Amino acid sequence: MQQTLTAKRILLGISGGIAAYKSADLVRRLKERGAEVRVILTDAAQQFITPLTLQAVSGNPVSTSMLDPAAEAAMGHIELAKWADLIVVAPASADVIARLAHGMANDLLTTCVLASAAPVAVAPAMNQQMYNNIATQQNLATLKKHNFHIYGPGAGEQACGDVGYGRMLEPLELVALVEQSIEQSTIKQSVIQTHEQSQVPAGSLAGLRFTITAGPTREALDPVRYLSNHSSGKMGFALAAAAATMGAEVTLISGPVQLATPAGVKRIDVISAQQMHDAALKAAVKSDIFIGCAAVADYRAADVASNKLKKGASNELQLTLIKNPDIIAAVAGLHELRPFTVGFAAETQDVLNYARQKLLKKKLDMICANDVSQPDAGFNSDQNAVTLLWQDGEQTLALQSKTALAASLITLISQHYSPKSTTSEVTK
Ligand code: C5P
């Protein structure tokens, strides 16, 4: 058996549900891979499985209550929360999911989750109707937003006879997800450490002027229709917020997005690529650093109809599109007042190669290569992973929240920034 979890400390929370009978096997599988496992049973869970069983399989005392002086003396609840490298709640009932989503601390399990800095995973297990209920779905969405890992659930026949989503994943499937979560948190930890070591202190970018583009552009076809893309603007807004927090003067040029303006940032709203181009060039010449994070539409309609286009008899509609100006290439091509220019390359394959080509072709100083084929990163996600490339180097920043990533990117960009970087110097 491969020891993929050697010395990893897993705190397993078991809540009330018929799937609790599988939790003993889950403990066994985790231990087989080298993990140390401690178990918390909620009151309801004890109706399905006994502390004695879990004590036997885990080899550790099982915790059931915050009000048990003997257990608290052995390992108090705060100590238990700090002990864990990962907390896994499996099965996670609709009730425990609701309590976690609302930050409640009304039993030992929810208190430990609230008191722990470790990543937390929940493996939902409940009747399919309860799982599909809008309240449960909203609670799960909240947990996702708070960076909880959600394991499953699977679909199939349920203990109550219903068929649908809500079955807890099988122990071996859960183990594979635990391995992934542990690996992610190890990578994240090392990124946080590097980031802390190279952290630019707040206020240290005072006097530096940034212009950042963000979001999609919309290219009108007629008064009611347009061409656009899925960019949410979150990455660009996070970059603007990070630079402003570090004391820089920030102008954010944004396409149509549903985001609040970060504190201390000057925002200019635009709709089309042409409008973004005009606003960006005007701001760029007064900037030290330009970051093109917007997903600019490459093409626009050659003619925008002045009235709503009508359905014709034909099954086809021909649109003639013409190229939009390349904003970042125009900024990087400036002579006298050229800012240090950083682009983004959203790609779905051969990501680093395409990004390097773009770095050269657009004459950029740096480019952020972004693999948007990953389901949990890129467009519309709250997380992202990128590789920052420059002429003779690169640095990869692992999957993390766009907020944390933005702080690392602004730090790295400002470390590489050189006020004298002109087009000719960059390309020589
Ligand atoms: O060529 P591509 O769209 O992949 O390049 C992406 C980079 O170029 C991003 O930094 C984006 O903001 C910028 N871009 C631009 N104007 C365009 C197209 C892309 O500034 N018309």
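A: Let's begin with Ala 90: beyond its neighbours within four places in sequence, its contacts (heavy atoms within 4.5 Å) are Leu 12, Gly 13, Ile 14, Ser 23, Leu 26, Ala 123, Met 168 and Leu 174. Keep in mind that this is a predicted model, where local features need pLDDT of at least 70, side-chain atom pairs count only at pLDDT 80 or more, and totals for chains, interfaces and linings use all residues. Residues are numbered from 1 along each chain as its sequence is written, and side-chain values use heavy atoms, with hydrogens and water left out.

Ala 90 belongs to strand β3, residues 86–92; strands (E, at least two residues) and helices (H or I, at least four) are DSSP runs numbered from the N terminus. With a relative accessible area of 0%, Ala 90 is buried (under 20%; exposed is over 50% and partly exposed in between, with a 1.4 Å probe and protein chains only). From Ala 90 to Gly 207 there are 117 residues in sequence and 51 Å in space, C-alpha to C-alpha.

Now for the sheet. It is open and has eight strands, ordered β12-β11-β8-β13-β16-β17-β18-β19, with mixed pairing (two strands pair if DSSP finds at least two bridges between them). β12 (265–269) and β19 (393–401) are the edge strands; each has a single partner, so one side of each lacks a neighbour in the sheet. Neighbouring strands are turned against each other by 15° on average, direction ignored; axes are lines fitted to C-alpha atoms, for helices over the stretch in contact, and angles run from 0 to 180 degrees between N-to-C directions.

Within this sheet, β8 (residues 209–214) and β11 (residues 249–254) run parallel and are joined by six bridges. Thr 213 has Ile 253 as its bridge partner in β11.

α14 (residues 402–416) lies across β8, β13, β16, β17, β18 (383–390) and β19, and runs at about 160° to β19.

One more residue is worth a stop: Thr 341, in strand β16. Thr 341 counts as buried, at 0% relative accessibility. Setting aside neighbours within four places in sequence, Thr 341 touches Phe 290, Ile 328, Val 331, Ala 332, Leu 364, Asp 365 and Met 366.
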